There are 4 protein chains.
Amino acid sequence: MNDDLLLLGGKEFSNRLLTGTGKFGNHGQIPKMLAASGSQMITVALRRVDVSEQSENILEYIPKNVTLLPNTSGARNAEQAVRVARIAREAGCGDFIKIEVITDMKYLMPDNWETLKATEILAKEGFQVLPYVLPDLPLAKRLENAGAAAVMPLGSPIGTNRGLETKPLIAMLIENACVPIVVDAGIGKPSQAAAAMEMGADAVLVNTAIATARDPEAMGRAFDLAVKAGRAAYLAEMAEASTFARASSPLTGFLDEEQP
Amino acid sequence: MNDDLLLLGGKEFSNRLLTGTGKFGNHGQIPKMLAASGSQMITVALRRVDVSEQSENILEYIPKNVTLLPNTSGARNAEQAVRVARIAREAGCGDFIKIEVITDMKYLMPDNWETLKATEILAKEGFQVLPYVLPDLPLAKRLENAGAAAVMPLGSPIGTNRGLETKPLIAMLIENACVPIVVDAGIGKPSQAAAAMEMGADAVLVNTAIATARDPEAMGRAFDLAVKAGRAAYLAEMAEASTFARASSPLTGFLDEEQP
Amino acid sequence: MNDDLLLLGGKEFSNRLLTGTGKFGNHGQIPKMLAASGSQMITVALRRVDVSEQSENILEYIPKNVTLLPNTSGARNAEQAVRVARIAREAGCGDFIKIEVITDMKYLMPDNWETLKATEILAKEGFQVLPYVLPDLPLAKRLENAGAAAVMPLGSPIGTNRGLETKPLIAMLIENACVPIVVDAGIGKPSQAAAAMEMGADAVLVNTAIATARDPEAMGRAFDLAVKAGRAAYLAEMAEASTFARASSPLTGFLDEEQP
Amino acid sequence: MNDDLLLLGGKEFSNRLLTGTGKFGNHGQIPKMLAASGSQMITVALRRVDVSEQSENILEYIPKNVTLLPNTSGARNAEQAVRVARIAREAGCGDFIKIEVITDMKYLMPDNWETLKATEILAKEGFQVLPYVLPDLPLAKRLENAGAAAVMPLGSPIGTNRGLETKPLIAMLIENACVPIVVDAGIGKPSQAAAAMEMGADAVLVNTAIATARDPEAMGRAFDLAVKAGRAAYLAEMAEASTFARASSPLTGFLDEEQP
């Protein structure tokens, strides 16, 4: 499977599980989780990065070989998201940026339109833009045309662990996408991550489900295995489900009937 | 995870994926699938075993370190199942026996009652009996009392790949069982195997989904990873799903608000 | 629809919603609910019937034109169920009897095997037996052979309002049954009752969802409408679901294209 | 229930089932379906309306007391939708307009953004605008602010009969909406229409499932009953689903235990 690489934003990744830095009991769990999960890209809210370097900086807990994916968490419109992205790049966090624009404070649903506007601006500035959106096929095509490096559709609202509630909508994106589809938000169990990969998603991002498990390190490992399982199944091509049963073992000519 | 062993029928297993010999394109795929999946127990229909040793014997394709689980496929009542079990033991297939009694030829649903009767008889004869049943809580308790080594509830009808359609019924068995619960039949994708393990199943048996994949060897590997993922998640204790969103990243005090 | 009658236990019913007497805030709600729902058969636990006629009798709240379906609630084996049935008949409750044998006190799952034994005995004694069971195809055929007047598979555990969790199992019963299939237990919403009827169920029994609604009378009316809706849809033959969209309105040759 | 009126676009409706004119085997079925279903509003594609009055006009089949809801089917951007709306009004079809802008020709998913633009323009021109959209909470708030008379979220892609696949997304709209929510597209069975109403939707629009049934008139009646059932249940307040069983009938102190 070594040659099944994910090309994302001009970089190659051999691991398809993206992780996040939020909600861990303590920052020291982060490097352990990264080692256990094999995750090669991690999202971090700019607020958590101490730009002035005066206090503890979350970046110190992230190994250099893990690609940073700063996010614009907290932004309520495109303009704010653009500002955060620029600050992140100036602070040395690299060219990758996850656009997250949220106006609804109850369900924390992304604002697709502001996200598209920010994507258009930042892609032109040379960012590798990963917009986080409600899976909406016509919008996803617009994001591609605007130069998005990937599209990140949500499975269910952030932090709910409710899984792939938008599965049929994500399936349309996967079927029609020219850029990688990274399922983000709502994935609460490894089986759900595996299901996303079986559908043909290129990667998944999991934060809450790992960070809030009793044992985040072990849960990071579990998600890594699940993503690999789902990807392998996708490549090995599963048979379709059927309405009627088909015997695995022979059912006819049993015992008595065998003797002529 | 090396010390997380499955104790089944007096034997210890470090792998929780049981496999089967049916439906492979050719027998030569079986040892490759076993190696790739790490499966330590495989079910085989007695009909496929050449007791007279005159023709090709499927047992030749199964490495000695893999435990045989002969099944009574083709039996239509308890008496036939008992006969098959005895023949299997006499033929040197060991003490394990999967009871499979099917009277319905359309959906191939197991006959719970005949299966219980066969279990009662064979457990007294010293067999390690694994009855394949519709998940029915009161019946499962009877199977335990009759001396079953495990209970094997179906996820959905054999060979349909429809997954865990009986999930709420299996959950009751898991919660109340004193013997291992091995989910058998209907599992069509690794994500479904992972989901069964996340629920607390002790193992799963997968045959059709592996044997009929384009690449059975790769699919065997995928299922192994998925079972390990689901088991690890179960042990690491997942958080509950919730109705409302919870932010992974801080949403308040953003940018402008930061400057007093 | 007047000629679409349900023949059950030798009687004809023009209404396919069976109801129950449990859990109402006060007995006075029962006749109002019956009037609003049009239900023509109601189940009542023998314990609630004052055989000695010394205290308030629930039967006083049930109009004479509604058929009584006494149930054996509280029975823990076939013998107890048989005793209750006989007492019910002697008390003038008629020949109908719903067999309910429960040994599991947590999920209150019916004991299929004890239920079958009671059915065999009571059918021979001329009762119209309606056994309440986990939907199990081979068992259902045995119940038919034993002379059951109908089979009552559960949708989900009693009183949970979780709906048709056993839908695929019930579908097998409907497809193969020679007696009416009455879905009983777990139906929490009118939409779920409608779905059972759309599948081809002959009737549904709803108690908890009506009795515990804020307004049981209005909820009884709602369930009556839903059962009629589902039945009408079943008879009018619904189209299949499809993967791809099909336009309801013309999408081609629009506006500009119209002018040659 | 006579006083439970739907206020939509300044008009009062006592019936909450909207219907459509597409896909009927012959136009003569339309007035019969309208009579059977009680539907008081029907959508019609402008293309089907003969503005020049030279050939058979579908409007002749729609009784005067049924409100017309012309739709912009065929429009591929906001400008085209606006043009169709104006033509419809000039042709005497009234002020109601359903905005339908579709750019994706495979799944026929609505283009939310073009739909919003058309809504902004037409609401200012005094139209009663009903935009058909993917359920997207921030967008729905924008549509309200733009003056939409209602929001019409899809259940699943047009004509698929796959039901409420977007249920969690629609629930957010219902919870936060200040205008009526009319679930449109994908509803294939009466049970699904009932489920939408139970959630608190204000109305549903059903076309394909009625028009392509073997008996459209009977199916129209079935949907009417289902919508009324779901609405009544919503008003009568259903109890929650629960994990564990709760007995409907008394389970303790049975028989033997009764005798002191």
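**A walk through chains B and C**

Let's start at B:Asp215, which sits in the loop between helix H7 (208–211) and helix H8 (216–236) of chain B. Keep in mind that this is a predicted model. B:Asp215 is partly exposed, because its relative accessible area is 27%, and buried would mean under 20%. Now look for B:Met33: it lies 182 residues from B:Asp215 along the chain, yet the two C-alpha atoms are separated by 9.4 Å.

As for handedness, the crossing of H1(B) and H8(B) is right-handed. If you want to see who does the touching, pick out B:Gln29, B:Lys32, B:Met33, B:Ala36 and B:Ser37 on H1(B). Their counterparts on H8(B) are B:Pro216, B:Glu217, B:Gly220, B:Arg221 and B:Asp224. Sorted by class, this contact of H1(B) with H8(B) has 4 charged, 3 polar and 3 nonpolar residues.

Staying in chain B, move on to strand S4, residues 41–45. S4(B) is mostly covered, with 5 of its 5 residues buried. Which way do the residues of S4(B) point? B:Met41, B:Thr43 and B:Ala45 point one way, while B:Ile42 and B:Val44 point the other way, and all of them are buried. S4(B) also has a pairing partner: strand S3 of chain B, residues 17–20, runs with S4(B) in the parallel sense over 2 bridges. To find your bearings in this pair, look for B:Gly20, which stands opposite B:Thr43 in S4(B).

Last stop, chain C. Here the pair to look at is helix H4 (residues 137–145) and helix H5 (residues 167–176) of chain C. The axes of H4(C) and H5(C) come within 9 Å and cross at roughly 40°. The crossing of H4(C) and H5(C) is right-handed. On the H4(C) side, the contact is made by C:Leu137, C:Ala140, C:Lys141 and C:Glu144, and on the H5(C) side by C:Met172, C:Leu173 and C:Asn176. By class, the residues of this contact divide into 4 nonpolar, 2 charged and 1 polar.

Notes:
Residues numbered from 1 in each chain as written. Chains lettered and ligands numbered in written order. Predicted model: local features only at pLDDT ≥ 70, side-chain atom pairs only at ≥ 80, totals over all residues. Heavy atoms only, no water. Helix = DSSP H or I, 4+ residues; strand = E, 2+ residues; numbered from the N terminus. Buried < 20%, exposed > 50% of the residue type's maximum accessible area, 1.4 Å probe, protein only. Left-handed = near helix turned anticlockwise from the far one by under 90°. Contact = heavy atoms within 4.5 Å. Nonpolar A, V, L, I, M, F, W, Y, C, P; charged D, E, K, R; others polar. Pairing = 2+ DSSP bridges. Axes fitted to C-alpha atoms, helices over the stretch in contact; angles between N-to-C directions.
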